[in-house]
Amino acid sequence: MRGLSGSGDELFSFVRLEERVPVDHPLRVIRGLADEVLARLSGSFSALYSATGRPSVPPEMLLRATLLQALYSVRSERMLMEQINYNLLFRWFVGLSMDAAVWHATGFTHNRDRLLQADVARAFLQGLLALPRVKRLLSSEHFSVDGTLIDAWASMKSFVPKDKGDEPPAPPSAGRNAERNFRGETRSNETHASTTDPDARLYRKSSGQPARLCYMGHVLMENRNGLVVDSTLTHATGTAEREATLTMLERRAGNKRITLGADKAYDAAEFIGKLRARKVTPHIAVNGTISKTGKRRKTAIDDRTLRHPGYEISQRCRKRIEEVFGWAKASAGLTKFKVKGIAKTKAVFSFFAAAYNLVRLPKLLNQQPA
């Protein structure tokens, strides 16, 4: 009942609420795991409380509510507060009694933003992985990595020249935003920037796809059960995937040799060399692109690696990482960020990675022998 405070009547009300939640409901396991992690992180939450002014929303409740928003794809904080108000299951998960008042959406958002700036999202993910019953589900030798584009909270109309100065915007038409004609205009991240979210970058990941203002999210997955062991978010660039991979590998505990599966975008000689220097065997798909002259691109993966039976296994397993991105976008609603700036978007992405693990864990833990 961590995070619940108040009179004895409120405690009794919460006990009655506990009785209404089915014993075999998946959220019971998820909340139990979340509470174990929050108990370990309680010391780092003390700085988030305000000693003066109005009482802050407890960080434990903020985190549980943020998890609910991802688990049930609630599209806004206002709708989340509405559902917590009348949904007894949501009240129980957050830690509110049946009669407790729900926070105002604006106040919740302000407190949530302070939490996102505190960079506790990655600590929550790592704390979850450190739990003994979760740790034994993880592989310590075989991993996969990939990246995906997630739209920023900014429209293409906000992507304007950096040296535009104080030029007034075009007058809006009746009941609409001002018209914007991009025909004949060359736009790039060197000369243009978004006035709504300056950290967003104009990028497209493959030919035939439209360029859009976005960020690039990266996930490191272990291959035994397909759980996320690390995540990060960067600006969208052509080298971001490889740079983020090296960053996540540097944060990994231990120095034993591992394998790393990835798609052909990671088949670059310099990157492969850095992997081998870190005792990482690159099980990376061969980039055999044929140029316009008919010449096949030279791969950085040697024949010895390609002949190894583990290479084919890694190539099959690494495709499961698409399940992480598919769940985040299709089920959790992370097709577009609702926050601005790379610091907050990075925290949101890490929360969604932790939420994906929490969705998978009840079934995986149930399959484990007692």
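**Reading the labels**

Q: Why is serine 158 called buried?
A: Its relative accessibility is 6%. Buried means under 20% relative accessible area, exposed means over 50%, and partly exposed lies in between (1.4 Å probe, protein chains only). Serine 158 is therefore buried.

Q: What kind of model is this, and how are residues numbered?
A: This is a predicted model, in which local features need pLDDT of at least 70, side-chain atom pairs count only at pLDDT 80 or more, and totals for chains, interfaces and linings use all residues. Residues are numbered from 1 along each chain as its sequence is written, and side-chain values use heavy atoms, with hydrogens and water left out.

Q: Where is serine 158, and which residues does it contact?
A: Serine 158 sits in the loop between β1 and β2 (159-161). Strands are DSSP runs of E, at least two residues long, and helices are runs of H or I, at least four, numbered from the N terminus. Leaving aside neighbours within four places in sequence, serine 158 contacts Ala193, Ser194, Thr195, Thr196 and Leu213. Contact means heavy atoms within 4.5 Å.

Q: What makes the pair of serine 158 and serine 155 a polar contact?
A: The side chain of serine 158 reaches the backbone oxygen of serine 155 at 2.6 Å. A polar contact is a pair of N or O atoms within 3.5 Å; within protein, one must be able to donate a hydrogen and the other to accept it, and residues adjacent in sequence count only if both atoms are side-chain atoms.

Q: Is serine 139 buried or exposed?
A: Serine 139 has a relative accessible area of 10%, so it is buried. It lies in the loop between α8 (132-135) and β1 (142-151). A polar atom of its side chain is 3.3 Å from the backbone nitrogen of glutamate 141.

Q: How do you know that cysteine 214 is buried?
A: Its relative accessibility is 0%, so cysteine 214 counts as buried. It belongs to strand β5 (residues 212-222). Its C-alpha atom is 4.6 Å from that of alanine 152, 62 residues apart along the chain.

Q: Why is lysine 279 called partly exposed?
A: Its relative accessible area is 41%, so it is partly exposed. Lysine 279 is in the loop between α10 (269-277) and β8 (280-284). Its phi is positive, about 60°, although it is not a glycine.

Q: What about serine 73?
A: At a relative accessible area of 35%, serine 73 is partly exposed too. Its phi is near 45°, a positive value in a residue other than glycine.

Q: Why is α3 called roughly perpendicular to α14?
A: The axes of α3 (residues 59-71) and α14 (residues 342-367) come within 10 Å and cross at roughly 75°. That makes α3 roughly perpendicular to α14. Angles of 65 to 115 degrees count as roughly perpendicular, under 35 as roughly parallel, over 145 as roughly antiparallel and the rest as oblique. Axes are lines fitted to C-alpha atoms, for helices over the stretch in contact, and angles run from 0 to 180 degrees between N-to-C directions.

Q: Which residues have the most contacts inside the largest nonpolar core?
A: They are Phe124, Leu275 and Leu361, in a core of 98 residues. α14 gives the most to this core, with 13 residues. A nonpolar core is a set of buried Ala, Val, Leu, Ile, Met, Phe, Trp, Tyr and Cys residues joined through side-chain atoms within 4.5 Å.
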